[in-house]
Amino acid sequence: MKRFILALALLLPSVAFAAGYSGPLDRANYDLRDKESLQRGAQIYMNYCLACHSMQYQRYSRTFNDLGIPQELGEELLQFTSSPGMHKTSAIDADAAAEWFGLTPPDLTMVARVRGADWIYTYLRSFYADDSRPFGANNAIFDNVGMPHVLEELQGTPRRVTEQRMVDGEMTDVYVGIRSDGNGTMSPEEFDQAMLDLTNFLVYTGEPMILERQRMGYFVIGFLIVFLILAILLKKEYWRDIK
């Protein structure tokens, strides 16, 4: 019963998000073997996300080693507090953040395992300007989000775009996507790639050993196949004497 309740508790956040958004998600074609993409994603996270969102289950040194970043360079460009052996913790005060944003920004170490890469990739590219919100931004797949659009300087000011289409015999405004005003430091293609890099990094952070686990899985399956063949041959040998 306790296991069922725990599984349900882990599932509920995903269900809540799904209930608020029923449209398709963009495909995140990430590659955990692309070290350069992971390094770019780490740089974006450290510069734009870590101020509010901790990664308290991963150490700086682990990231440097896994992504092939020299420790001196990592400390200079990616680590702004503590020492390489420390966990990645945000500097924001939890009580103050809860007052400003309505809740304390969640730890994102495992977010990719809870939400999925496609959801994260789509979410990062779905912010749009909304003057009715406290921080002037909303999100197309997470309505009334409390998070400001911290990546606006990269993307530019995004606008929600609708088109008049015939729906059930009536002309209706239909949401067709997000478009930037073009005042950011990146082009739309560059921003999409940057968000894919960030998604890639978050997927890696959720399970740093995933590539090693998958590699070992092939050896385990190979061993089981060999063992199965030997077991079958042994069974035949035993039954030959019995018959």
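How do the residues of the lining of the second largest pocket divide into nonpolar, polar and charged? I looked this up in a predicted model, where local features need pLDDT of at least 70, side-chain atom pairs count only at pLDDT 80 or more, and totals for chains, interfaces and linings use all residues. Residues are numbered from 1 along each chain as its sequence is written, and side-chain values use heavy atoms, without hydrogens and water.

Entry one, the second largest pocket. I found 10 nonpolar, six polar and four charged residues in its lining. (Ala, Val, Leu, Ile, Met, Phe, Trp, Tyr, Cys and Pro count as nonpolar, Asp, Glu, Lys and Arg as charged, and the others, Gly among them, as polar.) A pocket here is an open set of points on a 1 Å grid over the protein atoms alone, where a 1.4 Å probe fits, with protein on both sides within 12 Å along at least five of seven lines; lining residues have an atom within 4 Å of a point. I noted Arg-125, Gly-177, Ile-178, Arg-179 and Asp-192 as lying nearest the centre of the second largest pocket. β6 (170-180) gives the most to this lining, with six residues. Helices (H or I, at least four residues) and strands (E, at least two) are DSSP runs, numbered from the N terminus.

I counted 31 lining residues, with His-53, Pro-106, Leu-108, Tyr-123 and Met-147 nearest the centre. I saw that α2 (35-49), α6 (111-115), α7 (117-124) and α9 (188-206) each give two or more residues to the lining. α7 gives the most, four residues. The lining holds 27 nonpolar, two polar and two charged residues.
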